[in-house]
Amino acid sequence: MNQIIIHVDMDAFYASVEMRDNPALRGKPLIIGSLPHERGVVATCSYAARKFGVHSAMNIKEAYRLCPDGVYMHPNFEKYRAISAQLHDIWNTYATASEYIALDEAYLDVTKKAGTWEKACDFARTIKERTRNELGLTCSIGIAYCKSAAKIASEEKKPDGYFEIPTAEAFVRLIEDRDIRVLYTVGEKTAEKLHSFGIHTVRDMQQRREDVLRLLGKQGQWLTQLAFGEDDRKVSPYKPEDAKSISRELTFQADTEDYGFLRDVLFLLSMSVERRAKRVNLYGEGVTLKLTYSDMKT
Ligand SMILES: [Mg+2]
């Protein structure tokens, strides 16, 4: 066996932490992010809130329209970061390399420490158990022979899920009738393009390899391989020096045309970017300024 990879993803992380720490919130539609009268989006919401159609990245006004009786809270990042560090301690017991995707999500390369598939599955179940016992939280875990399969596996039985995809054959069987959006790097635009040429499922992609290559070039190459279960990407630990960009942004709660004020804010954001760049010894080759107008055009 070449690789054994675990993808671990905490369930509704910010919301679960708040419910753990305040029993009065349990079972409630809890929405972490901006408050309804503010500008901004939903960061995370509880499963009770999802029943109303609320989801991450949704405009907070839309969330409020769907779920006016929800409990709305600002995130407490300091707390989540501390818990994330505890999670890393657990994960790193079993992994030789950990690639953190977010505070609550990572790929773990357990190939060497586990040695066998069975032992790796034991690791995965132990991680779930320890997360519950030591932190009072649940996670979903996918374990697979490659990163793409591990990621899809962790979503398969969410929340509190556990799912194994031991081989490329098992992976292909699972996804071949699904929409191509299931494949890593297929976003809205790529999907639209392929759909318009009648390529809808992973099976279509397998059968129309030439068309996909013609339409998508290099990305098509990767996708047609992935459609057959081929993904040899390694788990690569995050290193700040590999950063492609460093950015800071701020959403104003009210529109402003006060250029002096905007200049001051821009100055503070620039300083923050500078501090981060210096901390990891990086310099930039270009500067991009993003500005959102009152009609939300950017
Ligand atoms: Mg998560």
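## Alanine 144 and the nonpolar core

Setting aside residues up to four places away in sequence, alanine 144 touches Ile5, Ala149, Ala150, Ala153, Ile165 and Phe171. The model is a predicted one. Alanine 144 is also one of three residues, together with Ile31 and Leu108, that touch the most other members of the largest nonpolar core, which has 68 residues.

An open sheet is formed by 5 strands in the order 5-6-1-7-8, with mixed pairing. Its edge strands are strand 5 (97-102) and strand 8 (162-165), each of which pairs on one side only. On average, neighbouring strands of this sheet are turned by 15 degrees against each other, direction ignored.

Strands of a sheet pair through backbone hydrogen bonds, either parallel or antiparallel. Strand 7 (residues 139-144) pairs with strand 8 in the parallel sense, over 4 bridges. Glycine 142 has phenylalanine 163, in strand 8, as its bridge partner.

Helix 7 (residues 147-156) lies across strand 1 (5-10), strand 6 (105-109), strand 7 and strand 8. Helix 7 runs at about 145 degrees to strand 7.

| Helix | Number of residues | Distance between end C-alpha atoms | Expected span at 1.5 Å a residue |
|---|---|---|---|
| Helix 4 (residues 77-94) | 18 residues | 26 Å | 26 Å |

In helix 4, the buried residues are Tyr80, Ile83, Leu87, Trp91 and Tyr94. They lie on the same side of helix 4 because they cover an arc of only 85 degrees around the axis. The packing partners of these buried residues are strand 1, helix 1 (13-21), strand 5, strand 6, helix 5 (111-114) and helix 6 (117-135). On the face turned away from the buried side, helix 4 carries the exposed residues Glu78, Arg81, Ala82, Ala85 and Asp89.

Helix 13 is hardly covered, and the count of buried residues among its 21 residues is 0. Asparagine 281 follows helix 13 and has a positive phi, near 60 degrees.

## Tyrosine 47

Tyrosine 47 is found in helix 2 (residues 47-50). Is tyrosine 47 buried, partly exposed or exposed? A residue counts as buried if 20 or more other C-beta atoms lie within 10 Å of its own, and as exposed if 12 or fewer do. Tyrosine 47 has 15 other C-beta atoms within 10 Å, so it is partly exposed.

Apart from neighbours within four places in sequence, tyrosine 47 is in contact with Ala12 and Pro159. Arginine 208 is 161 residues from tyrosine 47 along the chain, and the C-alpha atoms of the two are separated by 39 Å.

## The chain as a whole

The chain has 13 helices and 8 strands. Its C-alpha trace spans about 60 × 50 × 45 Å along the principal axes. Of the 298 residues in the chain, 31% are buried. Among contacts with a separation of 6 or more, 50% are between residues 24 or more positions apart.

Key: Residues numbered from 1 in each chain as written. Predicted model: local features only at pLDDT ≥ 70, side-chain atom pairs only at ≥ 80, totals over all residues. Helix = DSSP H or I, 4+ residues; strand = E, 2+ residues; numbered from the N terminus. Contact = placed C-beta atoms within 7 Å. Core = buried A, V, L, I, M, F, W, Y, C linked by C-beta atoms within 7 Å. Pairing = 2+ DSSP bridges. Axes fitted to C-alpha atoms, helices over the stretch in contact; angles between N-to-C directions. Expected span 1.5 Å × (residues − 1). Arc of directions from axis to C-beta.
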